[in-house]
Amino acid sequence: MNSSTFSLEAAVGLVCAVRAGRPLVHCLTNHVVKNFTANALLAAGAAPAMVEHPEEAAQFAPMADALLVNLGTLEAVQMEAIRAAIAAAVAAGKPWVLDPVAVGPLAVRTAFAREISLLRPAMIRGNASEILALAGAEGRGRGVDSGVASEAAWEAGQVLARRLGTVVLVTGETDYAVDATSVVAIRGGHELLTRVTGVGCAMGALAAAICAGAPGRTLDAAVATSALLKACGSAAALVAPRPGSFAVALLDAIDGFGMETAAGRVTITPVPEA
Amino acid sequence: MNSSTFSLEAAVGLVCAVRAGRPLVHCLTNHVVKNFTANALLAAGAAPAMVEHPEEAAQFAPMADALLVNLGTLEAVQMEAIRAAIAAAVAAGKPWVLDPVAVGPLAVRTAFAREISLLRPAMIRGNASEILALAGAEGRGRGVDSGVASEAAWEAGQVLARRLGTVVLVTGETDYAVDATSVVAIRGGHELLTRVTGVGCAMGALAAAICAGAPGRTLDAAVATSALLKACGSAAALVAPRPGSFAVALLDAIDGFGMETAAGRVTITPVPEA
Amino acid sequence: MNSSTFSLEAAVGLVCAVRAGRPLVHCLTNHVVKNFTANALLAAGAAPAMVEHPEEAAQFAPMADALLVNLGTLEAVQMEAIRAAIAAAVAAGKPWVLDPVAVGPLAVRTAFAREISLLRPAMIRGNASEILALAGAEGRGRGVDSGVASEAAWEAGQVLARRLGTVVLVTGETDYAVDATSVVAIRGGHELLTRVTGVGCAMGALAAAICAGAPGRTLDAAVATSALLKACGSAAALVAPRPGSFAVALLDAIDGFGMETAAGRVTITPVPEA
């Protein structure tokens with residue numbers, strides 16, 4: 001592990017590359033957050049597209065630069081579209097990100113997440129409960145929130161990373177970006193990030209956008225995604241201390257993101273014991 | 001009826017109890033308002049979850065603290081999920097709220113609303129047209145708006161409340177909270193509340209959240225829900241006189257809600273003739 | 001062609017007539033933009049309704065004043081609802097607007113758009129790629145964005161207008177409203193209109209609302225729709241230079257739209273060579 005990779009400058013650089021590359025991100029995500037996810041991608045400089053018909057999803061995935069799969073409001077027809085899109089994206093060499101929302105207590109999505117997690121996702125983003133559940137441990141989530149702190153899940157994340165050959169981003173008060181050999185802690189952010197629906201889900205989509213421009217650097221992309229949200233959340237809370245206006249300010253902050261947003265608001269630290 | 005129950009202080013107390021209890025509200029609601037509903041619940045201190053696969057909806061309902069069923073964009077697969085979730089919620093003793101959006105002129109949802117209204121909802125929230133139609137009278141709604149004033153519907157609401165053993169919240173310029181023996185008028189609010197999509201739908205979800213923390217006090221919960229929206233609508237209109245910014249300010253006001261929001265902005269009056 | 005028809009005053013008058021007429025617009029649109037579309041209609045003074053069950057869609061379309069069909073997240077069940085709603089709207093003499101999102105590269109929606117485009121839409125709104133593809137030319141769109149400028153598509157729009165007996169609104173940096181004999185260029189707007197998801201989709205819904213109050217004047221309605229968005233986009237960018245707050249300011253500007261919004265911000269010019 002080259003710790004200099006995990007500088008704030010490098011993370012900001014990967015995020016800002018989205019503006020230059022304008023990746024097209026195919027999102028198969030949940031109904032609650034489609035609008036916010038699309039706006040978060042647009043704010044970051046990416047282009048969103050939600051093509052959901054199973055036939056079209058298969059046709060579209062190779063045209064896009066990356067794919068997000070989020071299980072928040074999974075239904076039978078969406079499962080079909082997801083399988084088709086992943087197969088097409090993988091065949092075309094496009095990265096895909098899995099967001100296993102509420103996996104653990106709910107049977108259909110838990111079995112489905114385990115099935116598709118074998119299809120070589122570039123990254124898995126989840127809270128501690130979801131990562132523990134996906135790794136086979138007993139989570140304690142009830143809804144979309146984690147019942148456990150992210151500290152308790154990075155080891156499970158590394159088990160997953162090794163088993164699946166993927167990168168895992170465990171999000172919480174501290175985020176952990178994990179691959180087979182490294183664990184990086186990203187700190188910063190603001191409690192209001194948990195008071196707006198879809199922030200975590202938008203992170204998955206932003207991660208896909210960043211991965212599209214960083215082939216072979218998925219762990220760096222996970223660190224960059226985390227740094228982006230933590231810095232922008234902290235900056236937005238300064239101007240908007242309540243959740244309605246905070247959501248608006250968060251999109252504005254993503255649009256304006258740069259070193260001046262990130263400096264002093266985020267720390268990126270390799271976890272030595274990993 | 002103990003009229004002291006219907007003090008503004010009591011209503012504010014029930015709303016603020018949501019922050020302490022952080023109820024998890026399972027929402028089976030329409031596509032237009034899922035994001036706003038989730039954000040309204042988060043602003044009030046509750047936790048939203050939209051689990052829509054029929055199998056998972058049945059599994060999830062007992063894990064949640066309350067269930068909202070809103071028929072705005074009813075489809076066949078959602079009908080299946082709704083039936084399963086209600087059965088599971090009722091079996092687990094969890095309260096559920098019915099929002100019979102546009103019932104009356106539309107055949108599928110009207111028959112479906114009549115069917116599920118027999119399954120012991122804790123509360124039914126609707127506009128005058130919807131309540132009249134559900135009670136079997138001839139409504140005059142065309143879309144999601146009522147063609148009649150709420151004054152014309154509280155008697156129909158009481159017919160429903162007695163027939164179904166439920167509480168009815170008829171919303172309009174004046175709201176009426178109705179059970180078998182009492183009718184309470186809640187006045188206040190602002191016209192901008194009708195210029196943002198999903199305010200009424202979010203009310204149903206907030207009602208479910210408040211019910212979760214007020215077992216046996218569903219009429220009080222209906223009064224509190226109404227007072228919350230009327231007070232916050234009035235407060236938000238002061239800072240944001242146009243609908244785009246009003247929607248944002250409304251969420252901020254829900255986040256900051258307390259006696260200082262409600263005082264002087266809402267009146268709660270038992271209707272003596274009831 | 002009476003060029004005096006295309007004055008800014010006439011366009012503003014048609015938009016403001018929506019407030020007086022309060023048309024009910026039945027929207028069968030994509031999941032990403034349902035909330036924003038409903039709020040845009042409400043801001044303009046119209047009433048939105050999204051009735052999606054195929055049986056109910058057929059029942060509801062004649063009750064509404066206009067129908068919007070947007071193919072953004074087309075699925076099998078929605079195709080059924082769209083066919084039923086169009087048939088009922090046409091039978092009842094209600095105008096309908098087609099928004100052929102991402103038609104061209106995606107097979108299912110392209111065949112479907114060609115099929116329903118024969119059912120006498122009052123207006124078709126699309127970007128250059130979509131209009132070229134629908135006319136049978138080779139488009140270059142990849143996702144929801146056009147790969148070509150609108151200048152390159154107004155001739156294809158006129159081919160469509162003549163073939164289908166419809167009005168075509170080609171949107172881009174310059175918008176072109178086209179019927180069998182006239183082409184009108186509408187200039188103004190702001191780049192931020194492309195940084196918020198659903199602005200184009202909301203345009204389709206607003207076009208339907210304006211058509212409802214302008215029978216026999218569909219070309220004027222297209223010009224008015226374009227002028228509304230270009231003027232409000234330009235006005236909103238003045239107060240909100242980033243996309244999160246711009247989306248909010250855009251709704252506020254639609255709410256306050258009038259000559260003072262439009263004057264100096266939009267030019268409406270007949271294209272002589274047409």
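Predicted model: local features only at pLDDT ≥ 70, side-chain atom pairs only at ≥ 80, totals over all residues.

Reader: Ok, and where is Arg22(C) found?

Author: Look in the loop between helix H1 (8–21) and strand S1 (24–28) of chain C. Helices (H or I, at least four residues) and strands (E, at least two) are DSSP runs, numbered from the N terminus.

Reader: What about the phi of Arg22(C)?

Author: Arg22(C) has a positive phi, about 45°, although it is not a glycine. Most residues other than glycine have a negative phi.

Reader: And what's the phi of Ala102(A)?

Author: That one is near 60°, again a positive value in a residue other than glycine. Ala102(A) sits in the loop between strand S4 (96–99) and helix H5 (107–117) of chain A. Its relative accessible area is 5%, so Ala102(A) is buried.

Reader: Switching topic. How many residues do chain C and chain B bring to their contact?

Author: 28 residues of chain C are in contact with 27 residues of chain B, where contact means heavy atoms within 4.5 Å. The area buried between these two chains is about 2,400 Å², and carbon and sulfur atoms give 54% of it. Buried area here is the accessible area (1.4 Å probe) that two parts lose on being put together, summed over both.

Reader: How many salt bridges are there between chain C and chain B?

Author: The count is 3. A salt bridge is a side-chain nitrogen of Lys or Arg within 4 Å of a carboxyl oxygen of Asp or Glu. Arg195(B) forms one with Asp255(C), with their closest N and O atoms 2.8 Å apart.

Reader: Which elements of chain C give two or more residues to the side that touches chain B?

Author: They are helix H2 (34–44), strand S2 (47–49), helix H3 (54–60) and helix H10 (243–256) of chain C. H2(C) provides the largest share of that side, 6 residues. By type, the side of chain C that touches chain B has 13 nonpolar, 7 polar and 8 charged residues. Here Ala, Val, Leu, Ile, Met, Phe, Trp, Tyr, Cys and Pro count as nonpolar, Asp, Glu, Lys and Arg as charged, and the others, Gly among them, as polar.

Reader: And how many residues does the contact take from chain A and chain C?

Author: It takes 28 from chain A and 27 from chain C. Between them, chain A and chain C bury about 2,400 Å², 54% of it on carbon and sulfur atoms. The rule finds 3 salt bridges across this interface. Glu56(A) pairs with Arg109(C) in a salt bridge, their closest N and O atoms being 2.8 Å apart.

Reader: Back inside chain C. How many residues of H9(C) are buried?

Author: 20 of its 22 residues are, leaving H9(C) mostly covered. Its end C-alpha atoms are 32 Å apart, which agrees with the span of 32 Å for residues 218–239 at 1.5 Å a residue. The expected span of a helix is 1.5 Å times one less than its number of residues.

Reader: Why is H10(C) described as largely enclosed?

Author: Because 13 of the 14 residues of H10(C) are buried, the rest of the structure largely encloses it. H10(C) reaches 19 Å from its first C-alpha to its last, close to the 20 Å expected.

Reader: One more: what is Leu41(C) in contact with?

Author: Leaving aside neighbours within four places in sequence, Leu41(C) is in contact with Val25(C), Cys27(C), Ala46(C), Pro48(C), Ala205(C), Leu206(C) and Ala209(C). Leu41(C) lies in helix H2 of chain C and is buried, with a relative accessible area of 0%.

Notes
Residues numbered from 1 in each chain as written. Chains lettered and ligands numbered in written order. Heavy atoms only, no water. Buried < 20%, exposed > 50% of the residue type's maximum accessible area, 1.4 Å probe, protein only.
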